[in-house]
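Thanks for coming. I have one structure to go through today, so please look at the screen.

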Amino acid sequence: MRLYKTIDGGNTWDYILEVYQGINSFHFIDENIGYLIGDNALIQKTDDGGATWKELSIPYEYYDLVKFYTEDIGFILDEVGRIYKTDDGGENWEFLTTHSGTRSIELNNEYIFTAGSNGKIYRSETGFDLENEI
């Protein structure tokens, strides 16, 4: 699977990365720092807008979603609803919980919300205040 980048609104595209697993989600914090995740414990990070990528280490799963809120604080979600958190930019991951059917993660100040199948929405305190972290 190849990843391409545009800096002119989609008029031209530059090839920046090829991986041999499925890429299921990517998230950029700003124009430089970004993450992508996918099948077979795929996780990579760029800090130069995609020019280079560093492979990180996570527990072996098939991941569906990556979401970062600051350069350090981020979450990943696997295909069965296991949620992991990092507070050091993806270098280390901590298992938080499993919510079967979860498809979305959002943070709002000190709360984390997860939502998924059958209309379930969960809210929990994160233990930090994003307004003061950013």
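Start with Arg82, which forms a salt bridge with Glu61; their closest N and O atoms are 2.6 Å apart. By salt bridge I mean a side-chain nitrogen of Lys or Arg within 4 Å of a carboxyl oxygen of Asp or Glu. Arg82 lies in strand 9 and Glu61 in the loop between strand 6 and strand 7, so the pair ties together parts that are 21 residues apart in sequence. Strands here are DSSP runs of E, at least two residues, numbered from the N terminus.

Before going on, the background. This is a predicted model, where local features need pLDDT of at least 70 and side-chain atom pairs count only at pLDDT 80 or more, while totals for chains, interfaces and linings use all residues. Residues are numbered from 1 along each chain as its sequence is written, and side-chain values use heavy atoms, with hydrogens and water left out.

Back to Arg82. Arg82 also forms a salt bridge with Asp78, again with closest N and O atoms 2.6 Å apart. Shared partners join Glu61, Asp78 and Arg82 into one network of salt bridges. How accessible are these residues? Buried means under 20% relative accessible area, exposed over 50%, and partly exposed in between, with a 1.4 Å probe and protein chains only. Asp78 is buried because its relative accessibility is 0%, and Glu61 is buried at 17%. Arg82 is partly exposed, at 25%.

The search of the whole structure finds four salt bridges. Another of them is Lys54 with Glu91, with closest N and O atoms 2.9 Å apart. That pair links distant parts of the chain: Lys54 is in strand 6, Glu91 is in the loop between strand 9 (82-86) and strand 10 (94-98), and they are 37 residues apart. Lys54 is partly exposed at 45% relative accessibility, as is Glu91 at 40%.

Next, the sheet that contains strand 6. Four strands make an open sheet in the order 3-4-5-6, with antiparallel pairing. At its edges are strand 3 (23-28) and strand 6 (54-55), each pairing on one side only. Pairing requires at least two DSSP bridges between two strands. Strand 5 (residues 43-46) is joined to strand 6 by two bridges, and Gln44 stands opposite Glu55 in strand 6.

Which residues touch the most other members of the largest nonpolar core? They are Ile58, Ile76 and Trp93, in a core of 13 residues. Such a core is a set of buried Ala, Val, Leu, Ile, Met, Phe, Trp, Tyr and Cys residues joined through side-chain atoms within 4.5 Å. Strand 7 gives the most to this core, with three residues.
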